[in-house]
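Keep the structure open as you read.

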Amino acid sequence: MDSIGSSGLRQGEETLSCSEEGLPGPSDSSELVQECLQQFKVTRAQLQQIQASLLGSMEQALRGQASPAPAVRMLPTYVGSTPHGTEQGDFVVLELGATGASLRVLWVTLTGIEGHRVEPRSQEFVIPQEVMLGAGQQLFDFAAHCLSEFLDAQPVNKQGLQLGFSFSFPCHQTGLDRSTLISWTKGFRCSGVEGQDVVQLLRDAIRRQGAYNIDVVAVVNDTVGTMMGCEPGVRPCEVGLVVDTGTNACYMEEARHVAVLDEDRGRVCVSVEWGSFSDDGALGPVLTTFDHTLDHESLNPGAQRFEKMIGGLYLGELVRLVLAHLARCGVLFGGCTSPALLSQGSILLEHVAEMEDPSTGAARVHAILQDLGLSPGASDVELVQHVCAAVCTRAAQLCAAALAAVLSCLQHSREQQTLQVAVATGGRVCERHPRFCSVLQGTVMLLAPECDVSLIPSVDGGGRGVAMVTAVAARLAAHRRLLEETLAPFRLNHDQLAAVQAQMRKAMAKGLRGEASSLRMLPTFVRATPDGSERGDFLALDLGGTNFRVLLVRVTTGVQITSEIYSIPETVAQGSGQQLFDHIVDCIVDFQQKQGLSGQSLPLGFTFSFPCRQLGLDQGILLNWTKGFKASDCEGQDVVSLLREAITRRQAVELNVVAIVNDTVGTMMSCGYEDPRCEIGLIVGTGTNACYMEELRNVAGVPGDSGRMCINMEWGAFGDDGSLAMLSTRFDASVDQASINPGKQRSSAFRPGTSSRPSSSLRSKVTAWPCGRSEPS
């Protein structure tokens, strides 16, 4: 703590007192000290209770369960991976909130894992008390001014700087560069910031400053920066721990477990925000009278209870409260106090570290106490060291219980029996208290024996990690820009879609009239949708891609389907027509044998998903091959006749081909069996097409003007006349030129798909009409 104001405590009278019946004797003094320090003893059972309670709150928050409110916030940071060693470049880092009443600016050069390490340049600025408690704009203007002052002293270009913003307060992030402040902590109370995007506030302040062109690329919590700055080692560093002014942790969680993200792949770094943990059932038994006094006199009574027992902003104050209590009870300093000892913020974290460290010797402890206006005796020095050790040991043990909860959560999410992980540690408490980390690691081993944990000190106080995140974010931003530029031609606005709609309406009308059009609008001779009375056993053949299916369809009150998929080798698809249809018949015969149908003559419906001009329900002239087929001597021929000729060549086989159906018609009829309102069929598979029920009077070339007929649009060729040229991209042109039919089926190229086929019950609905009853009019 740099000043009384920055300690996060309010001025108040010492509330602890003792008897005024004279100074205690030696035995009484010992008992008073033991009674006082015993309050800071934490049992293993209490630590396990804290671990379990915190783990439960973490899992509740991850699931997005709002009631009852979880005791911690699990905030996704949108950092999706740890560094892989290739990050390079120069970056500016601004740290706010990591070290209390100061901010730090760094110039970080990343050279990749193989490059020569370049030490960062940094400068720390003390934040005035009036700025910490003033208007938000004043704080961010101060930060922008510090940025300019730092950069003025650096030999850098003023344009195109990329900045990572380490903002160490509870925030709700919605992206790497979007973060809304939830609440101030650590003694900050700037107005007009809570509920606002802190990245935008910083950008506005930099713009008002006007000295540098700085792009704020990413906002990062200090724990994330600590984790990301961990030097590559044998085991992955996927946990970050900070014990500084405040305390917090982060770790790499499976994205599928973070309900708010709605993701099912990859990982994301989650900030635990455990400083706000305040489960009365778990923390109540370990709270001392000194904790209650400290909380009562703080700027935020009742909040950040866990942080007030661990964070460096409060350890010195806890030690001061204990020393003042023992002095007033006559145990220390001959029963004398001093104005400094009774003043909040007079004992700092640095004082506690030095007094606890046995290597500094009694002389240094004596000097610190004298600076507080005290006259310590020889026994006082040892007692003060015991007090410092008790307060810091409890802090380390509580921190270990929280870290053990994080490790358990990580272990559960990875579904691992044992866990080997490196934990990056940062903050002044970890850096300046070697015994703190020793107690921390020993307690973690006790609470999470199945976890093999290595504690690795952070580099540059997390500044390097923030630069790492910024480097990754900058690279991803460049990728996004390239992606946006590349995909821009594929994004169609309303006017463009309306123009396509109008062109298709025009092409449909021309095709129905028999005029030249890129939409053939082919009659299918299917005149009605099913009514549910169809019955019987049927064979169905489904040909429309490199694989085809043979099916046995039994239609009763429901539909039962048995099918098998057969492949069509490329040599057959692009060979002779006779070879193709002989192969198809061979596969049908194989299917009949497997199903015990040999010798039976069942009606067969032929789904043929290529452009055909139908002359009847069992006559279809192939107009042209698509989808990679090039079998010779088929175009211009009746494909039903070609199939029947192949059946004849395969002697002793009886197959009754009664209908040829386009796959879009089959799709419509299948759905129509379930819902009579279905009068449109749409296929987006290997190719794409649609059909619909048209008024017969609008269909030229088919006699009659009453009733309806299903029209096969063959819209895969829509635009072959050049009407869609304004939508074509260079990628469409490449696909077209590399195809076996350049200049054709351009609309199919706009809507690529997979070879998924429609439900095969549809074939039976068409073939049932001529076999089971007369075709409806």
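The count comes to six cavities of 30 Å³ or more. The model is predicted.

**Largest cavity**
- The largest cavity has a volume of about 130 Å³.
- Its lining is made up of 18 residues.
- S168, K186, T247, N248 and E273 are the lining residues that lie nearest the centre of the largest cavity.
- Sorted by class, this lining holds nine polar, five charged and four nonpolar residues.

**Second largest cavity**
- The second largest cavity holds about 100 Å³ of space.
- It is lined by 13 residues, and F169, C171, Q173, S179 and N221 are the closest to its centre.
- By class, the lining of the second largest cavity has seven nonpolar residues, five polar and one charged.

**Surface patch**
- L483, L487, F490 and F731 make a nonpolar surface patch of about 330 Å².
- One of these residues, F490, sits in the loop between α16 (463-487) and α17 (494-512).
- Is F490 buried, partly exposed or exposed? F490 counts as partly exposed because its relative accessibility is 43%, which falls between the 20% limit for buried and the 50% limit for exposed.

Key:
Residues are numbered from 1 along each chain as its sequence is written. This is a predicted model: local features need pLDDT of at least 70, side-chain atom pairs count only at pLDDT 80 or more; totals for chains, interfaces and linings use all residues. Side-chain values use heavy atoms; hydrogens and water are left out. On a 1 Å grid over the protein atoms alone, a cavity is a set of points where a 1.4 Å probe fits but cannot get out, and a pocket is an open set with protein on both sides within 12 Å along at least five of seven lines; lining residues have an atom within 4 Å of a point. Grid points are joined across faces, edges and corners, and a volume is the space filled by probe spheres set on the points. Ala, Val, Leu, Ile, Met, Phe, Trp, Tyr, Cys and Pro count as nonpolar, Asp, Glu, Lys and Arg as charged, and the others, Gly among them, as polar. Patches are made of residues with over 30% relative accessible area and no salt bridge: like charges are joined within 9 Å, nonpolar side chains (Val, Leu, Ile, Met, Phe, Trp, Tyr) within 5 Å. Accessible areas come from the Shrake-Rupley method with a 1.4 Å probe; for residues, only the protein chains shown count as cover. A salt bridge is a side-chain nitrogen of Lys or Arg within 4 Å of a carboxyl oxygen of Asp or Glu. Helices (H or I, at least four residues) and strands (E, at least two) are DSSP runs, numbered from the N terminus. Buried means under 20% relative accessible area, exposed over 50%, partly exposed in between (1.4 Å probe, protein chains only).
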